[in-house]
Amino acid sequence: MTRTALRICPLCEATCGLTLTVEGSRVTAARGDRDDVFSRGFICPKGASFGALDADPDRLRVPLVRRGGELREASWEEAFAAVADGIRPLVERYGPGAVGVVLGNPNVHTVAGALYPPVLIGALGTRAVFTASTLDQMPKHVSSGLLFGDANAIPVPDLDRTDHLLLIGANPVESNGSLCTAPDFPGRLKALRARGGTLTVIDPRRTRTAKLADRHVAIRPGTDALLLAAVAHVLFEEGLTDLGALAAHVEGVDELRAALRDFTPESVAPACDVDAATTRSLARELAAAPTAAVYARIGSCTVAHGTLASWLVDVLNVLTGNLDRPGGALFPQAATDKTPRPAGPGRGFALGRWRSRVSGHPEAKGELPLAALAEEIDTGVAGGGVPAAGAGTAAAGSGTPVAGAGTAAAPAGAEAHPLRALVAVAANPVLSAPDGDRLDKALASLDFMVSVDPYLNETSRHAHVVLPPPPPAQSPHHDFAFNTLAVRNQVRYTRPAVPLEPGRMAETEIMARLILAVTVTGTGTATATATGPGGTDPAAVDDTVIGQTLRRAVREPHSPVHGRDPGELTALLTGADGPERRLDLMLRLGPYGDGFGARPDGLTLDKLLAHPHGIDLGPLRPRLPQPLKTRSGKVELLPGPIAADLPRLRRALADRPAGLVLVGRRHLRSNNSWMHNIPALTGGSNRCTLHLHPEDAARLGVRDGAAVRVKGAGGEVTVPAEVTDSVRPGVVSLPHGWGHDRPGTRLSHAATDPGVNVNQLLDGSLLDPLSGNAVLNGVPVTLTPTP
């Protein structure tokens, strides 16, 4: 029997609506949902291949448990018992700091990944938390935290109304957008041009996005912050600043003017390789536009001054009066955001509340640099700095530890121990983090590792237990994270398109049972087995979070349920299971919610389910000062940590890379290391080749298609050269996510064309000091032809 079902695509940040064709229990086709309130029928090659990814024969279907050195199929009960037996004794002996948690990028693409990791971290009580954010976007979180007091308050360009868009280090035509959720980003850029707007792209590569631009500036990699500082300098120098209505909400303008005095267009030109006249034109065009927005992404984040570059993006939006106004850069408001609190001073944002054990890297947003994971496992340090017990880091608004799930007391001297165990959820840092070879060896030395992953990949092959979630068609979908970054306020939810196959377990239940399996009581005593006879029902995890959330809500004076009975409110929640009841709770308490009856026209889960194509909540609106949580209650334009890092940027004025520098590359049909096992998404232009300018190729004697050896601080790789003028001279480019040639994986198609791991060229020593983000772009490499 053939039928259709709706599904929100989970394969990139665009979150397009899909209409799936389902035959029996198999997805046979996917097309864009023309009635989707946000994507309006747009689809990219990844979404069109939804069925192939869903049915990938290499997907694990049952848990794997390591017995006698080999991973063997096991029952769910055996798997969770093995997790409890592996994790709890280590926590009891060495303390919670002996267990690390690694969260990969796919977590933000699933309901389970949004709701449960904060609870897991709180249950473990560990501060050894590492995520893909420190390989990607942490500089933007840190700059937003310092400017606005909230690391998640990230303004996005108002793509559909702006007159002038300045993109730096971003290639949304191929990435579909990032930290800016916008279905059909390419179409939106073309619409900007069609209505007479201007598109400027700053990028060392002539990307598909750059080819659409009115102006393409081929900057030298890694110098984004210098160029942006010079643009801001011109705005001050030529009297082009105009904060408009923002002026009442901003402090530090005069201090900023003085701090940027040295960054003239002439002084930055040699380092950026952008002439002063171009820099001045960029500033004048930005200031003259009726509305404008500056938007930067991974190319400007994964560099040595990533936080400064991210900060300067919003500085430019402020100085031109374009922050928080239509056509500029605005703060989205998702339906599951917390109840808006009254405007006023907040707690602010702090960096470095604790540090990593080996190198002393400061935390940022509750995380340590993923580039430091290997040394935290393989390096012993006497008297090191693993935190004491009680160091849970549950994310605000995302859940709290299960009741009774306190942290085990750390024995004396436990802080000197390396990580002994690891919980990896949808993470493949062997490919995504610098120096995968070292991390590969470190993972093999762990006493215990559990991986929640549908594949046996380069990282999960080291696990002692692998817990495979079901295919996406068998899972619900709501974009908790991406709706906070969307270019239009809307809300959508889709239930599973296909029922769970026999023997499968919902990803939400896997995560709930994992939380119960690792939970240790506050006295250091292991509790009952999570899934055995008499074990705790996994629904208790959701019930506990709901109860704790409502008890907080009724105590908050600005809450719509202030003073009400939590038990009465709990009884009003609807939903087929715990995750749906939590979604209903967040919708009801959110900015558009019904407030449990206080606003009868407001959102609830039932109302959302009655609108299968979603509910449009309107264009982005000005929201200041409400989103600000700084201690001053204002946009703090020159925060202390930023000011302290500016001397390092001044020193960069003298940098002149003598040789080649490396930048990454994103393919339209790929997303990190996820999709190389899908035949329909590989081949063609989606290849692992080294892009090299013809001038450099001629100088080095490299022929198109010939193998070349690329060497960096972390190692070397041999890869085919692709000679092209799409990169500027002095720059080479390799895509990330490749290197599928390690033994012990089960990625049969990916292994036929494994490519090379670009991050093996890095040794992990280069980090942006404010955010801990790995420096992945603008790093020096040498290149030699192979015989």
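Trainee: How many residues sit between strand 4 and strand 5 in the hairpin?
Mentor: Two residues lie between strand 4 and strand 5. Gly68 is in the turn, with a positive phi of about 60 degrees. Keep in mind that this is a predicted model.

Trainee: And the pairing of those two, parallel or antiparallel?
Mentor: Antiparallel, over four bridges. Strand 4 covers residues 64–67 and strand 5 covers residues 70–73. Leu64 has Glu73 in strand 5 as its bridge partner.

Trainee: New topic. What is the strand order in the open sheet of four strands?
Mentor: The order is 11-10-9-13, and the pairing is parallel.

Trainee: Which strands stand at the edges?
Mentor: Strand 11 (215–217) and strand 13 (293–296). Each has a single partner strand, so one side of each has no neighbour in the sheet. On average, neighbouring strands here are turned by 15 degrees against each other, direction ignored.

Trainee: Which helix packs on that sheet?
Mentor: Helix 12, residues 276–288. Helix 12 touches strand 9, strand 10, strand 11 and strand 13. Its direction makes about 135 degrees with that of strand 11.

Trainee: How many bridges link strand 9 and strand 10?
Mentor: Five, in the parallel sense. One of the residues involved is His164, whose bridge partner in strand 10 is Thr198.

Trainee: Switching to Asp314. Buried or exposed?
Mentor: Buried, because its relative accessible area is 2%, and the cut-off is under 20%. Asp314 is in helix 14, residues 306–319.

Trainee: What does its side chain have a polar contact with?
Mentor: The side chain of Lys140, at 2.9 Å. Beyond four places away in sequence, Asp314 touches Lys140, Ser144, Leu147, Phe148 and Pro155.

Terms used
Residues numbered from 1 in each chain as written. Predicted model: local features only at pLDDT ≥ 70, side-chain atom pairs only at ≥ 80, totals over all residues. Heavy atoms only, no water. Pairing = 2+ DSSP bridges. Axes fitted to C-alpha atoms, helices over the stretch in contact; angles between N-to-C directions. Contact = heavy atoms within 4.5 Å. Buried < 20%, exposed > 50% of the residue type's maximum accessible area, 1.4 Å probe, protein only. Polar contact = N/O pair within 3.5 Å; in protein donor to acceptor, adjacent residues only side chain to side chain.
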